[in-house]
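Dear colleague,

I am passing on the structure below, and would be glad if you could look through it alongside my notes. What I found follows directly after it.

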Amino acid sequence: MTNQRVLMTAVGSYLPANVVTNEALSSFVDTDDAWIRRRTGIAQRHLVADGETTSDLAYHAATKALANAGLAGGDIDLIIIATTTPDNTFPSTATKLQHMIDAKGAIAFDIQAVCAGFVYALDVADAMLRSGRGRRALVVGAESFSKLLDWEDRATCVLFGDGAGAVVLELADDAGDDAGDWGIRSSVLHSDGAYRDILYVDGGPSSNAAVGHVRMEGKEVFRHAVEKLASVMDEALSAANMQAGDIDWLVPHQANVRIIDAMQKKMDLPSDRVVRTVEQHANTSAASIPLALSAAVDDGRIKNGDVLAMEAIGGGLAWGAALVKFGRPL
Ligand code: UT7
C-alpha cells in the first residue's frame, strides 16, 4: 500500500505597506491605545491602499510561497483562496490568481468560512489531493477586511487588519517518498449556524444587495472561542494519536491575545512555543494563520520537521484545527 500524505512544503505572505497604529486610529475613532492593547493585544494593523485588492495581496503571498517551494504557477493543479472579502461577488478571487500566476489548467475556487477559512481550505485541499485531483496545491488566506468595517463602531473597527498568506501543498504518494508521518496529520472542522447572529455582516447580494459591515457580540464570541478551540484541538490531537506535548508550535488564529493565552495554558505549552502576530497584524481573518506561520518560518523559529498545531474560529460559527509536520523529509 502506498503511503499517501499531503506535505506543506513552503509558505509566503504579504502585508500592505500602510501601517495604522492605535494612536493613529484614535484620531478618528473614539478609542485609545491602552484599551486596545489591554483588551486585545493589538498595537497596529496593515490596511490596503485605495485600489489595492484582495487578489493583489494573494498574488504577492502566492508568488513568495511558490519561490520558496522552487515552483512556478504552471506546477500548480489546485488553487483555493479562503476569503470573505473577494474582489468581486464573482468570479472567484482564486480564478483571478490562477490567471495572474499563469497556473493554466489548475482548478481554482474560493472558500468562505470567515476567520476559520484557512483551516477549512487546508482540509478541502488535503482531501482533493488525496483523492487524485492533482499533485500540488496553493492554499491562500487573503483578506481586505477593512472594507467590511464600520468606522463608527469602535467595538469592531479596531480589531481587524488586511493581509495574505499562502502555503504550497504537495502530494507524496509513492512509498519511495518516505513521507512517513510528515504533512497534514489530522484536521477537524465544525460549524453551528445557531450562532450566526453573534458575528456577521449586515449585507450581501441576496439580502440587501450591499457589501455591509461587521457586527459582533464580542463577549459571546470570546466565550465560544475559548471553549470550542480547546475542544476541537483535543479532537485533532486524538485523531492524530498525539498529545499536546508532541506539538512544537501553536500557530493560532490571531483574534485576541487573551484567547491565544487561554489556548497556551489549556495545552500547557511554554509561551515561547506560541506564534503571536496579533500585536502587529491585528485580526486578518482567513489570512491570520498563514501570516503567523510565514513570520515564524522567515525568522527561523519554525524549522523543517516541526509539528504545528493550528486552530481558528469565526462567523457561522465555523471552527477547526489542523496538525501538520511542516516541510519535507530531506
Ligand atoms: O476572529 C473572529 C473571532 N473574533 C473574536 O474572537 C473576538 C472575540 N471577542 C473579543 O476579542 C473581545 O470580546 C473584544 C476585544 C471584542 C471586546 O473585549 P471585552 O473585554 O469583551 O469588552 P466589551 O465589549 O465588553 O466592552 C467593555 C467596555 C465597554 O464599555 P462599558 O460599557 O463597560 O462602559 C465598551 O463600550 O469597553 C468599551 N469599548 C471600548 N473602549 C475603548 C469597546 N470597544 C472599545 C474601544 N475603545 N475600541
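In the ligand site, a polar side-chain atom of Thr 31 lies 2.7 Å from a nitrogen atom of the ligand, which falls within the cut-off for a polar contact (a pair of N or O atoms within 3.5 Å; within protein, one must be able to donate a hydrogen and the other to accept it, and residues adjacent in sequence count only if both atoms are side-chain atoms). Before going further, please note that this is a predicted model, in which local features need pLDDT of at least 70 and side-chain atom pairs count only at pLDDT 80 or more, whereas totals for chains, interfaces and linings use all residues. Residues are numbered from 1 along each chain as its sequence is written, and side-chain values use heavy atoms, with hydrogens and water left out.

Thr 31, His 253 and Asn 256 are, together with Arg 39 and Asn 283, the nearest of the 22 residues around the ligand (a residue counts if one of its heavy atoms lies within 4 Å).

Turning to the strands (DSSP runs of E, at least two residues, numbered from the N terminus, as are helices, which are H or I runs of at least four), strand 4 (residues 78–82) has 5 of its 5 residues buried, that is, under 20% relative accessible area with a 1.4 Å probe and protein chains only. Leu 78, Ile 80 and Ala 82 lie on one side of strand 4, and Ile 79 and Ile 81 on the other. Strand 4 runs parallel to strand 5 (residues 107–111), to which 5 bridges join it (two strands pair if DSSP finds at least two bridges between them), and Leu 78 stands opposite Ile 107. A further 5 bridges join strand 4 to strand 6 (residues 136–143), also in parallel, with Leu 138 as the bridge partner of Ile 79.

Finally, Ser 144 sits in the loop between strand 6 and helix 6 (154–157) and is buried, with a relative accessible area of 3%. Leaving aside residues up to four places away in sequence, Ser 144 touches Val 48, Thr 53, Thr 54, Leu 57, Thr 85 and Asp 162, where contact means heavy atoms within 4.5 Å.

With best regards

How values were computed
Buried means under 20% relative accessible area, exposed over 50%, partly exposed in between (1.4 Å probe, protein chains only).
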